[in-house]
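Hi,

Here is the structure I promised to pass on. Have a look at it first, and then read my notes below.

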Amino acid sequence: MTENNTLEMVKAAASAAMSRRAQNGIILDLRELDCFTDFFAIFSGVSDIQVEGISQAVLEELETNWAQRPWHQEGERKADWILLDYVDFVVHVFLAERRSYYNLERLWAEAERIELPELEMPAHLVSTSDDAAENGVDPDGALVFGDHEEGRSEE
């Protein structure tokens, strides 16, 4: 993989993770550190189910749109830290408590950070999210109870 292509895949993985409401997402650029991989993408979830959902979204995005499968993956059984190793980059999805315990950001403090607000959602995710919003459907497919129209009050 070329470096630009790798960075674009990491960004696509990050967008997929953020589409599942991943928290505290960050990409660490490890290329200048002579490391075993070029990038770490790190995300948190609030429950084991969300951690699984985030990792599944990343897997689907990279397989469907980039024809990439992880070389190695770990943690699916316990779902407190799921690791997806794509050789040139590694995606880490943690439960928040587990992430603070291992604190990869501190261990790799010299790495340049690529902040996620710079990322744009891939077109296929934006259109799905926009269509869902127009039709009053939660884009994650979850059931939403009650009236959620903006500017409407029950008086």
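Over which residues does pLDDT stay under 50, and how many contacts beyond four places in sequence does the model have for them? The stretch is 137-155, and the model gives it 11 such contacts. Keep in mind that this is a predicted model. Where pLDDT is low, the predicted coordinates should not be read in detail. For the protein as a whole, the mean pLDDT is 79, with 72% of residues at 70 or more. If you go element by element, helix H5 (residues 123-134) has the lowest mean, 54, while strand E5 has the highest, 95.

Now the overall layout. The protein has five helices and six strands, and along the sequence they run α-β-β-α-β-β-β-α-α-β-α. Of its 155 residues, 39% count as buried. Taking contacts between residues at least 6 apart in sequence, 63% join residues at least 24 apart.

On to the inside. The largest nonpolar core holds 26 residues, and the members that touch the most others are Ile27, Phe43, Val58, Phe89 and Val91. At least two residues of this core come from each of helix H1 (3-19), strand E2 (39-45), helix H2 (48-66), strand E4 (81-85) and strand E5 (89-95). The biggest contribution is from H1, which gives six residues. There is also a second, separate core of 10 residues, with Leu28, Leu83, Val90 and Leu104 among them.

Apart from neighbours within four places in sequence, Val91 contacts Ala13, Ala41, Phe43, Val58, Ile82, Leu83 and Leu84.

Next, H2. This helix has 19 residues and spans 26 Å from first C-alpha to last, close to the 27 Å expected at 1.5 Å a residue. Its buried residues are Gln50, Val51, Gly53, Ile54, Ser55, Ala57, Val58, Leu59, Glu61 and Leu62. When you look at that list, remember that an α-helix has 3.6 residues a turn, so residues three or four places apart point the same way. Just after H2, Ala67 takes a positive phi of about 55°.

Asn24 has a positive phi of about 50° although it is not a glycine; Asn24 sits in strand E1 (residues 23-29) and is exposed, at 56% relative accessibility. Asp34, not a glycine either, also has a positive phi of about 50°. You will find Asp34 in the loop between E1 and E2, where it counts as exposed at 76% relative accessibility.

Then the charged pairs. How many salt bridges does a search of the whole structure find? It turns up five. Here are three of them, with their N to O distances:

- Glu63 and Arg69 meet at 3.0 Å. Glu63 is partly exposed, with a relative accessible area of 39%, and Arg69 is exposed at 60%.
- Arg98 and Asp80 meet at 2.7 Å. This pair links distant parts of the chain, 18 residues apart: Arg98 is in helix H3 (residues 96-102), and Asp80 is in the loop between strand E3 (72-74) and E4. Arg98 is partly exposed at 26% relative accessibility, whereas Asp80 is buried at 12%.
- Arg99 and Glu105 meet at 2.3 Å. Are these two side chains buried or exposed? Arg99 counts as buried because its relative accessible area, 8%, is under the 20% cut-off. Glu105 is buried as well, at 13%.

Asp80 and Arg98 also belong to a network of salt bridges that takes in Lys78.

Last, the aromatics. The count comes to seven aromatic pairs. Which residues do ring pairs link into a cluster? They are Trp81, Phe94, Tyr101 and Tyr102.

Cheers

Technical notes. Residues are numbered from 1 along each chain as its sequence is written. This is a predicted model: local features need pLDDT of at least 70, side-chain atom pairs count only at pLDDT 80 or more; totals for chains, interfaces and linings use all residues. Side-chain values use heavy atoms; hydrogens and water are left out. Rings of Phe, Tyr and Trp (its six-membered ring) pair if their centres lie within 6.5 Å; planes under 30 degrees apart count as stacked, over 60 as edge-to-face and the rest as tilted. A nonpolar core is a set of buried Ala, Val, Leu, Ile, Met, Phe, Trp, Tyr and Cys residues joined through side-chain atoms within 4.5 Å. Buried means under 20% relative accessible area, exposed over 50%, partly exposed in between (1.4 Å probe, protein chains only). Helices (H or I, at least four residues) and strands (E, at least two) are DSSP runs, numbered from the N terminus. Contact means heavy atoms within 4.5 Å. pLDDT is the predictor's confidence in each residue, from 0 to 100. The expected span of a helix is 1.5 Å times one less than its number of residues. A salt bridge is a side-chain nitrogen of Lys or Arg within 4 Å of a carboxyl oxygen of Asp or Glu.
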